[in-house]
Amino acid sequence: MELLFFVLVTILFWSIRELINYQVRASRLDFPTLWAIPFIGNFQLLQLVLSKQPLEDHQKIIEKFPNYFKCWFLNFRFLCPHSPEAVRKILKSEECLSRPVFAKIMFSGFSGDSYHEWINKRKFMNQIFYPSSLKNSIKAISAAADDFTCDLSKEINEGKEFDIYPSIARWTIKVHCLFLLGLDDNSINGIIERLDRLINIRNNITHFLILPQLSKLIMPSKFTAMENAKTDLINFTKSLFYNQKTNENATKFEKNYSKILHRDDFAQQIISMMDAGYETVALNLTNVLLFLSKHQKIQEKIYEEIQGIKDEISLESLSKFELIERVIKETLRIAPPLPYLPREVHKTFELEPGKFVEKGTIILIPNYGVHRLNSVYGDEADKFNPDNFLKENLSKRPISSSFQFSHGKRMCIGHRYAMIVMKIFLIKLIKNYKFESDENDLKFTAKVTLEVEGSKTIKAYLR
Ligand code: HEM
């Protein structure tokens with residue numbers, strides 16, 4: 001009996017000590033914060049997690065602080081920077097290259113890895129995007145875009161509104177399958193079906209992912225379903241890839257990569273890129289078309305730009321499509337497909353003289369919010385204006401006032417490839433079609449990715 005009493009008292013004291021430690025560690029970050037309840041933290045964080053309009057709510061908080069604010073809940077410490085200078089320093093720092101636990105749960109492969117697991121895989125995967133590979137892929141991407149424009153003519157019913165997203169999503173996967181796996185058309189249905197299932201499950205629990213340990217306890221079945229969907233996708237990709245012995249590209253990939261990465265690991269890394277490059281590209285292409293449908297003058301100028309450049313599409317000629325590039329960048333500014341960037345500090349570092357960010361702190365960078373700062377973009381920050389990316393206007397703004405593909409060593413691995421894919425697609429499409437829309441205002445909602453609220457319907461006419 002006495003022994004039991006002793007054990008209980010020890011556990012009680014140990015728990016209190018741990019709780020105090022949590023509180024001290026969580027609140028120690030020397031940065032401005034919202035009001036907090038001792039031992040628990042900022043309830044606003046939970047409010048944000050559960051909010052139906054997290055983007056707007058976050059924007060209101062941003063306006064209260066000049067550069068950044070911290071928040072914490074139980075033992076989770078967050079730093080949310082939003083001034084371009086603080087964002088740049090964090091993205092460029094060597095100490096913020098890890099991802100928080102929830103990223104590992106959400107994504108497969110190196111996208112969600114912590115620093116030490118990530119570093120070598122990333123070095124290795126960078127090879128896929130070497131300029132020579134990109135150059136060699138242009139012909140295949142152009143041919144796929146030609147097929148798309150041809151197929152679209154069967155789908156459009158001139159003058160009738162239709163949702164263009166599903167066909168763009170399908171095309172995006174087709175191109176990624178070709179480029180990343182050397183796989184052909186027959187494989188894409190299985191990949192799309194599985195990726196969509198994973199994305200649906202993930203989107204349904206997005207807001208709960210920020211505190212994964214807690215959420216896993218409350219809704220274990222949803223987390224198991226997500227894990228199963230991931231495994232199914234990886235196994236399916238593995239089987240496709242290694243069964244395609246006759247496919248020249250697949251054999252080349254196998255030869256190159258199986259020497260360095262284990263088969264299972266390779267499939268995971270490829271899925272990581274399919275996942276990261278699927279919605280981002282498909283949503284942005286759809287958003288570009290939605291914006292152009294409302295801005296007919298800009299659409300016509302792009303058409304003229306396309307008519308004016310007669311060269312065959314190549315890496316060099318793509319750089320001449322200057323307006324298309326600005327339109328893509330402006331769309332990514334107003335509607336960044338990833339509205340928040342999650343990082344974790346893997347080594348304590350000094351953000352400003354005397355202000356240290358401790359190891360283990362989760363950094364949440366609100367791209368959407370930074371890209372629409374009135375202090376940087378003026379009163380028309382929310383307005384679509386590709387002139388924001390004219391050289392003379394770029395030089396007036398801090399570098400990290402827009403970071404479509406992020407900065408530093410952990411920036412988007414597929415940024416050059418993504419720009420090539422998007423440019424080729426738009427060149428081919430706008431050369432053949434004119435787009436219009438009845439929608440007046442585009443509003444966005446945040447899940448893991450940023451999506452247009454309501455329908456993504458437009459009208460398309462053959463030119
Ligand atoms: C419009 C298209 C795209 C946008 C806007 C975009 C944006 C981003 C951003 C903002 C990040 C986070 C970087 C960070 O934490 O600092 C990222 C990461 C990543 N992106 Fe992209 N991306 C796009 C397309 C692609 C494509 C096409 C691929 C691959 C085929 C890809 C693969 C990845 C991967 C693997 C990561 C994780 C990198 C790492 O953790 O090392 N992305 N992307």
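## Terms and model

A residue is buried if 20 or more other C-beta atoms lie within 10 Å of its own, exposed if 12 or fewer do, and partly exposed in between, with the C-beta atoms placed from the backbone. Helices (H or I, at least four residues) and strands (E, at least two) are DSSP runs, numbered from the N terminus.

The model is predicted: local features need pLDDT of at least 70, side-chain atom pairs count only at pLDDT 80 or more, and totals for chains, interfaces and linings use all residues. Residues are numbered from 1 along each chain as its sequence is written.

Strands of a sheet pair through backbone hydrogen bonds, either parallel or antiparallel. Two strands count as paired if DSSP finds at least two bridges between them.

E1 and strand E2 (residues 76-81) pair in the antiparallel sense over six bridges. Phenylalanine 73 has phenylalanine 76 in E2 as its bridge partner, and tryptophan 72 has arginine 77 in E2. E2 also pairs with E7, in the parallel sense and over two bridges; here the bridge partner of leucine 79 is isoleucine 363 in E7.

The hairpin of E1 and E2 has two residues between the strands, and leucine 74 in the turn has a positive phi of about 50°. Asparagine 75 also lies in the loop between E1 and E2. Why is asparagine 75 classed as partly exposed? It is partly exposed because 15 other C-beta atoms lie within 10 Å. Asparagine 75 and isoleucine 40 are 35 residues apart in sequence, and their C-alpha atoms are 8.5 Å apart in space.

## The three-stranded sheet

Another open sheet has three strands in the order E3-E11-E8, and its pairing is antiparallel. Strand E3 (162-163) and strand E8 (433-436) stand at its edges, each with a single partner strand, so one side of each is without a neighbour in the sheet.

E8 and strand E11 (residues 457-462) pair over four bridges in the antiparallel sense. The bridge partner of phenylalanine 435 is alanine 460 in E11, and glutamate 436 stands opposite lysine 459 in E11.

## Helix packing around H14

Two packed helices are described by the angle between their axes and the distance between the axes. Axes are lines fitted to C-alpha atoms, for helices over the stretch in contact, and angles run from 0 to 180 degrees between N-to-C directions. Helix H14 (residues 296-308) packs against helix H20 (residues 415-432) at an angle of about 105°, with the axes 9 Å apart. This makes H14 roughly perpendicular to H20 (angles under 35 degrees count as roughly parallel, over 145 as roughly antiparallel, 65 to 115 as roughly perpendicular and the rest as oblique). Gln299, Ile302, Tyr303 and Ile306 in H14 meet Ile427, Ile430 and Lys431 in H20, where contact means C-beta atoms, placed from the backbone, within 7 Å.

The axes of H14 and helix H16 (residues 322-334) come within 8 Å and cross at roughly 140°, which makes H14 oblique to H16. Ile298, Lys301, Ile302 and Glu305 of H14 make this contact with Leu323, Ile324 and Val327 of H16.

## Nonpolar cores

A nonpolar core is a set of buried Ala, Val, Leu, Ile, Met, Phe, Trp, Tyr and Cys residues joined through C-beta atoms within 7 Å. The largest has 68 residues, and Val421 and Met422 have the most contacts inside it. Helix H13 (residues 263-294) gives the largest share of this core, 17 residues. Leaving aside neighbours within four places in sequence, methionine 422 is in contact with Val281, Asn284, Leu285 and Ile328. A second, separate core of 27 residues includes Phe69, Cys71, Ile363 and Tyr377.

How values were computed
Contact = placed C-beta atoms within 7 Å.
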